[in-house]
Amino acid sequence: MSYLKKDYYNEHFSHIYIEKDIRNHPNTQNILSHFPRANLIEINHYKEIFCRSHQNYCLQKQSPKLILAKKQNSLMYEGAPVCQDFGNKHFYYTSQVMNCIYDCEYCYLQGMYPSGNIVVFVNLEDIFYEIEQLLMKHPVYLCISYDTDLLALEHILGYVKSWFSFASKHPDLTLELRTKSANWTALSSFVPCDNIILAWTLSPENIVKRLEHHTPTLRQRLSCIQKSIDFGFPVRLCFDPIIDTKDFRTSYEEFIRIVFEALPKDKIKDASIGVFRVSQDYLKQMRKQRSNSSVLFYPYENDNGVFHYSKERTEEMLSFVLGLLKEYLPEDKIFQWKEAT
Ligand code: SF4
């Protein structure tokens, strides 16, 4: 569809679908206040729009619509085996938003969801209630920015602010906010809190340009991380997914050097590394969406329903990046994702 001019598409969120039941919810009102010119359409349930058949994920990403809904049933999920738990026993994630304003070519969301539109669940208070129930039993480690990039959406949702306020009252709750954004404007308005970890996903600049469409550049992310560290936020660096390329070694060597030239190594809380992996069902869908993507059509191996690089290549890539990182960080601060054996 490259012949289409950029202005062929509607603006992002030109149409907003709203479940009738949450029309007057304060979060709905707040979100709508950012889009005074949007066409508002009332619906009964978000799945009427989000789960229609024959949607084109990639085309919808060019001009996503917003769907405001109420999250029903389970609000928290136990961490999946393909996720890094950083040694936390009670590891959960919660999904208040489905889909992302960025468009990474390797993103599993395009295999997981039938639509490129963005669903926002407005009833944050129900998630908070469920967490408080869990906290009565044990401490909770919770990833709040899976299946989206919450910080990148902060200017319209304000959810990160709500999480900061909630976490500051619950010391047994540790939050991880994963992001690729460089939204310093939002971050600078929060008070740093020991139990909220800002976790930046970083990739070599050539991978950012080629595969992480619409995301801030590596330099922009590093500048935001630097300011966050100076401000007192705990910062995690996520070198995940590591992507194989022809110039893998030189590219990652230069990349890690650039990262630690920009950041004070002794102020980094910890780091994670992991190679690209994805479930077979998702990869099948992803390949349908992007039939010309070299990262998706790499000859991965399938192990029990998970596609990944061969065992040898995985070991090679991980030990190379680990070796580079060990020049800057002690090994006990580096978490490696490895498939369960
Ligand atoms: S930033 Fe993360 S969630 Fe968003 S498109 Fe990229 S990989 Fe997917």
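Two notes before we start. Residues are numbered from 1 along each chain as its sequence is written. This is a predicted model, where local features need pLDDT of at least 70, side-chain atom pairs count only at pLDDT 80 or more, and totals for chains, interfaces and linings use all residues.

What is pLDDT? It is the predictor's confidence in each residue, from 0 to 100. For this protein the mean pLDDT is 93, and 94% of its residues reach 70 or more. Over residues 1-5, though, the pLDDT is below 50, and this stretch has one contact beyond near neighbours in sequence. Two residues are in contact if their C-beta atoms, placed from the backbone, lie within 7 Å.

Now for the helices. Helices (H or I, at least four residues) and strands (E, at least two) are DSSP runs, numbered from the N terminus. Helix α5 covers residues 124-135, twelve residues in total, and reaches 17 Å from its first C-alpha to its last, close to the 16 Å expected at 1.5 Å a residue. That expected span is 1.5 Å times one less than the number of residues.

Which residues of α5 are buried? They are L124, I127 and I131. They cover an arc of only 60° around the axis, which puts them on the same side of α5. The arc is that of the directions from the helix axis to the C-beta atoms. On the other side of α5, Y129 and Q133 are exposed. As for cut-offs, a residue is buried if 20 or more other C-beta atoms lie within 10 Å of its own, exposed if 12 or fewer, and partly exposed in between, with C-beta atoms placed from the backbone. The cover over the buried residues of α5 includes α1, β9 and β10.

Strand β9 is where we find V140. V140 is buried, with 20 other C-beta atoms within 10 Å. Leaving out residues up to four places away in sequence, V140 touches several residues, including I131, L134 and L135.

Let's move on to helix α13, residues 311-326. Its 16 residues reach 22 Å from first C-alpha to last, close to the 22 Å expected at 1.5 Å a residue. T314, M317, V321 and L325 are its buried residues. Seen down the axis of α13, they fall within an arc of 75°, so they line one face of the helix. The face turned away from that buried side carries the exposed residues K311, E312, S319, G323 and K326. Among the partners that the buried residues of α13 pack against are α11 and β13.

Strand β13 also holds P241. The peptide bond from D240 to P241 is cis, with omega near 15°.

F13 has a positive phi of about 60° although it is not a glycine, and F13 is buried, with 21 other C-beta atoms within 10 Å. H214 also has a positive phi, of about 70°, and is not a glycine. H214 counts as exposed, with 12 C-beta neighbours inside 10 Å.

Last, what surrounds the ligand? The residues are C100, Y102, D103, C104, C107, L109, T148, D149 and K180. Here, near means that a residue's C-beta atom, placed from the backbone, lies within 6 Å of the molecule. By class, this shell has five nonpolar, one polar and three charged residues. Ala, Val, Leu, Ile, Met, Phe, Trp, Tyr, Cys and Pro count as nonpolar, Asp, Glu, Lys and Arg as charged, and the others, Gly among them, as polar.
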